[in-house]
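Hi everyone, thanks for coming. Please have a look at the sequence and the model on the screen, and then I'll walk you through a few things in it.

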Amino acid sequence: MSTAFNLLHYPTLAQQQRRRHRGWTGSLGMVVGCAAAWVLLQWQAAKTEELQAEQVQLQRTLNERNQRLKVLQAQRMQAQTQGLQRQQLSQIAQHQHSWVVWHEALLAEAQRGNLRLERLQAQGDKLELQGNAPSVAAMTASRQHLADQSGQPVHLASWAAVDTQGDAATARPSQASPATPVSFVWQAAWTAAQPPTDAVGAAQSKGAR
């Protein structure tokens, strides 16, 4: 028995096989491509999620550092403020102490030298005292004694002779008799302690003659 082949149908069969092969290959390529794309998408999603988690962590760390920095800055400013307050309180305490020392020394000198004190004022870096003395000699002696007691010079800014009616008139030392009462203004440096820039110490002291 012999087998016969129809050579006329062979090209059609080959074409069909090639079309089936291309279809199968295309389908397989599509499946593989879809699978690869799905894997790539999953990897990108995982990577994106990982990057987002890192970003959240970095942002949280940055926020914590900023918060700590704010706390440190607030503490530093508070410490500076407290330091300035302590310094100011110390200056005020020194100022008040010096003022009390001067006031007591003046009252003692007024009693010792028979002076009548009218006004004591501290302004800026200067003390100014106004008062009356029974004579030029008493005024000079009291001023020198007060300078010795305080340890700093007490300057005579001005003085005037006072008549028996209490009216003052300017006069030279040579024109005033030793027993003529005088009014005077003394000045001294106020360097023991500087008060705050916005504060001026002022007081008035009166004593009986």
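Let's start with a word we'll need: buried means under 20% relative accessible area, exposed means over 50%, and partly exposed is in between, with a 1.4 Å probe and protein chains only. Glu128, at 19%, is buried by that rule.

A quick note on where this comes from. This is a predicted model, where local features need pLDDT of at least 70 and side-chain atom pairs count only at pLDDT 80 or more, while totals for chains, interfaces and linings use all residues. Residues are numbered from 1 along each chain as its sequence is written, and side-chain values use heavy atoms, with hydrogens and water left out.

Now, charges. Side chains of opposite charge can pair when their charged atoms come close. We call it a salt bridge when a side-chain nitrogen of Lys or Arg is within 4 Å of a carboxyl oxygen of Asp or Glu. How many salt bridges does the structure hold? There are 3.

Glu128 takes part in one of them, with Arg119 as its partner and 3.3 Å between the closest N and O atoms. Arg119 is partly exposed, at 22%.

Another pairs Arg112 with Glu109, with the closest N and O atoms 2.6 Å apart. Both residues sit in helix H1, residues 10–113, and they are 3 residues apart, about one turn of the helix. Helices here are DSSP runs of H or I with at least four residues, strands are runs of E with at least two, and both are numbered from the N terminus. Is Glu109 buried or exposed? Glu109 is buried, with a relative accessible area of 2%, whereas Arg112 is partly exposed at 48%.

Then there is Glu118 with Arg116, where the closest N and O atoms are 3.9 Å apart. Glu118 is partly exposed at 34%, and Arg116 is partly exposed at 33%.

Finally, let's go to the nonpolar core, a set of buried Ala, Val, Leu, Ile, Met, Phe, Trp, Tyr and Cys residues joined through side-chain atoms within 4.5 Å. The largest one has 22 residues, and Trp102 is among those with the most contacts inside it, along with Leu127, Met139, Phe184 and Trp186. Elements giving two or more residues to this core include H1, strand S1 (116–123) and helix H2 (136–150).

What does Trp102 touch, not counting residues up to four places away in sequence? Its contacts, meaning heavy atoms within 4.5 Å, include Leu127, Leu146 and Trp190.
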